[in-house]
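Hi,

Here is the structure I promised to pass on.

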Amino acid sequence: MAHTERININFLPGDRQRNISILKFENKTHMKRISIFTAIAFFVFQHAVAGTIKVVTTLTDLKSITELIGGNKVAVTSIATGYQNPHFVDPKPSYIINLSGADLFVTIGLDLETGWSPQLLASSRNTKIQKGAPGYVDASENMALLQVPTAANRAEGDIHIYGNPHYWLDPLNGKVIARNIANGLERVDPADKAIFEANLATFNKTIDDKMKDWQAKMAPFKGSKIIAYHNEWVYFEKRFGLEIVDFMEPKPGIPPTPSQLVKVINEIKSNNIKVIISSPYFSTSSSDVVAKQTGVKVVTMATSTGAFPTVKTYFDVFDYDIAQITAALK
Amino acid sequence: MNLKYKSGGYFAVVLFVAIFMGSLSASAQVPADSTSKDSTVADSALLKQIEAQMQAAPAAQPTGTQTRSSLSFNPDIGVIGDFQGSYISKGEKNFDMYLNETEVSLQAAVDPYARADFFLSFGRDPVTGKYGVEVEEGYVTTLSLPAKLQLKAGKFREAVGRINPTHPHALPFIDLPNAYVNLFGEEGLNDEGVSLSWLTPNKAFYQELVFQTTAGYTESPAFVRSEGNHLVYLGHLKNFFTLTDNATLELGLTGISGPNDSARTTNVGSFDLTYKYKPVQMNTYHSLTWQSEFYYSHNNQTEDHSVDAIGLYSFIQYQLAKRTFLTGRYDYGEKPYNNSIKEQAYSLTFGWYATEFSKMEVEAKTTEDNIEPRFYQAWLRWIFVIGAHGAHQY
């Protein structure tokens with residue numbers, strides 16, 4: 001209170017110099033306290049800022065894995081939500097705010113996000129996270145890819161020229177993603193390498209442990225024939241021994257046509273197929289038509305972390321999907 | 001056979017690494033001079049880092065990795081065809097059809113510091129019917145300026161509101177709004193010069209400030225290329241708000257000043273407002289866009305005579321289903337050189353977007369002004385893309 005009054009008096013002409021000295025004298029102890037407090041606050045603030053790696057990921061699965069590897073060293077945001085189509089994310093300028101201050105950018109890569117992430121990156125004005133920079137992590141590095149086409153032809157629909165990009169739907173590929181993310185974190189924060197490596201080991205062990213459980217649950221349904229809406233389940237299919245007979249889409253990205261529905265209905269009847277798997281961002285109207293005709297069950301699976309409120313981590317994606325599909329195949 | 005091939009591959013890798021390490025150690029064994037102590041320390045630190053990285057590397061190599069092929073330094077190349085048919089209720093020739101434009105895009109990073117974008121347009125002259133080529137856009141953009149700055153130089157569509165920066169094939173209607181054409185012409189404000197944009201440190205919402213200086217475009221009704229040293233100056237403030245996960249609002253303010261055909265100055269002020277509703281989960285099925293722009297121009301014709309003109313458009317685009325869109329638009333425009341000529345128009349466009357690479361649209365429009373009787377126009381447009389297709393602005 002006294003401090004405020006002195007400041008007011010200071011502005012009176014003539015008394016200026018005298019009042020400043022009074023102020024200095026009376027507030028010496030006060031100032032000392034303030035400077036100690038400021039120093040501590042500054043140190044804490046600096047430490048907090050220095051200790052947090054700002055990461056932006058394209059998908060929520062990458063966010064989940066980055067949080068598991070980075071622990072309390074990272075603050076992660078994802079551009080896409082877990083319940084939207086990763087091919088068609090709208091490149092809203094608001095995403096650029098986070099990208100402009102990011103230390104690390106993690107992308108699924110291949111050409112999954114080609115319609116939106118290059119534009120956002122180019123507008124971010126952040127050299128740390130551009131392709132080729134230490135802060136750019138392509139999670140598909142060293143990934144064993146499936147469905148790599150021998151020729152690129154758009155007459156085949158939305159094909160991916162580097163291979164099917166939905167690789168995160170095989171939990172073992174999660175380990176490759178985690179390795180790539182750990183490499184990225186270690187490039188931007190070499191001092192905490194030991195922490196990231198320890199978290200990576202824990203992540204890998206969790207995947208291995210859970211794999212036993214997931215495999216056991218899926219074992220009775222090995223070889224089960226199913227229909228999928230879009231060609232995004234090949235990694236899940238191969239890992240858990242399912243057989244996707246056909247897709248609701250006649251070609252990737254082309255909505256179901258009446259002739260395709262007739263074809264699918266016939267395949268369901270002749271193969272005794274029990275399940276159509278779809279994703280949260282596809283309309284179920286055509287699948288419902290097929291269900292009505294054949295009695296097949298339509299299961300909306302989680303394609304990413306956050307697809308449904310209970311799917312909170314990368315591990316939950318498989319817990320959820322395996323629970324859904326095993327229940328439907330019974 | 002396969003195994004033999006693989007072991008050969010491993011041998012080559014080991015040999016390469018050995019040669020690489022050899023050359024490293026050779027460079028480390030350069031005879032020491034009096035100042036080499038620090039560099040030796042630095043080298044050994046570097047070697048330790050390399051060794052550490054090489055130890056980490058094998059863990060990142062799962063089996064069955066496929067190599068990627070067809071890499072090249074060629075830019076991303078795309079060709080966009082724009083075929084149109086048109087009808088107009090007045091004049092001698094009522095029907096026409098033409099390949100309105102063929103746009104060739106070439107886009108790539110130049111080096112770690114910049115990227116380049118070229119759009120070459122092969123268009124048809126509406127009068128002679130002959131095809132000619134022009135550089136629609138060709139510019140270099142920096143990727144690495146400090147302080148959140150980005151510099152662009154070349155020929156580019158200028159940052160006036162929402163219509164001007166967008167290539168016409170990406171607009172949800174076939175003709176351009178009257179108010180826009182009255183000021184900037186059919187080709188838009190597309191000029192040669194430099195552009196500096198700054199991403200403000202505002203964390204609450206996206207805010208970008210753009211300054212552009214250009215030489216003056218000869219075909220724009222508002223501005224001409226100055227015979228002297230008079231350049232066109234433009235400032236644009238873009239504000240983008242995320243209202244909810246599903247809704248956004250953009251508010252833009254633009255000011256332009258440049259030489260006109262009376263060798264004096266024309267000043268243009270514009271204001272744009274765009275509301276978008278796109279439910280994140282079902283964004284490929286449903287969306288709504290309401291976009292409006294208001295223009296004001298002050299055209300100094302002589303020392304004591306100037307013309308003030310205004311114009312605006314407002315459209316609503318509604319997505320009916322995954323591939324069908326309906327757009328209704330209202331136009332009002334005055335001529336920047338004669339504000340007693342007033343136009344008003346209504347149009348409706350139906351679009352069928354087959355894929356990301358082709359769309360068909362049909363538009364009907366009625367125009368009335370205070371000079372000639374009401375007339376009607378209709379267009380049919382088929383846009384088709386081959387090769388790379390760059391992302392559009394949101």
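Two residues are counted as in contact if their C-beta atoms, placed from the backbone, lie within 7 Å. Please keep in mind that this is a predicted model.

With that cut-off, and setting aside neighbours within four places in sequence, A:Leu104 touches A:Ile53, A:Val55, A:Ile129, A:Gly135, A:Val137, A:Gly184, A:Leu185 and A:Val188. A:Leu104 also belongs to the largest nonpolar core, which has 83 residues. Along with A:Leu104, the residues with the most contacts inside that core are A:Ile69, A:Leu99, A:Phe105, A:Ile181 and A:Ile277. Domain 2 (51–210) and domain 3 (214–329) of chain A both contribute residues, so this core lies between them. Apart from it there is another core, of 19 residues, including B:Val160 and B:Ile256.

On to the domains. Chain A also has a domain 1, covering 2–49. The C-alpha centres of domain 2 and domain 3 of chain A are 25 Å apart. Where these two meet, 27 residues of domain 2 of chain A are in contact with 25 of domain 3 of chain A. On the domain 2 side, α4 (60–70), α7 (171–188) and α8 (193–218) of chain A each give two or more residues. That side is made up of nine nonpolar, 13 polar and five charged residues.

Finally, the chains: 36 residues of chain A are in contact with 35 of chain B. α5 (94–100), α6 (117–123) and α7 of chain A each supply two or more residues to the chain A side, with α5(A) giving the most, four. The chain A side divides into 17 nonpolar, 14 polar and five charged residues.

Best wishes

Definitions and conventions
Residues are numbered from 1 along each chain as its sequence is written. Chains are lettered from A and ligands numbered from 1 in the order in which they are written. This is a predicted model: local features need pLDDT of at least 70, side-chain atom pairs count only at pLDDT 80 or more; totals for chains, interfaces and linings use all residues. Domain bounds come from an automatic or database domain assignment. Ala, Val, Leu, Ile, Met, Phe, Trp, Tyr, Cys and Pro count as nonpolar, Asp, Glu, Lys and Arg as charged, and the others, Gly among them, as polar. A nonpolar core is a set of buried Ala, Val, Leu, Ile, Met, Phe, Trp, Tyr and Cys residues joined through C-beta atoms within 7 Å. A residue is buried if 20 or more other C-beta atoms lie within 10 Å of its own, exposed if 12 or fewer, and partly exposed in between; C-beta atoms are placed from the backbone.
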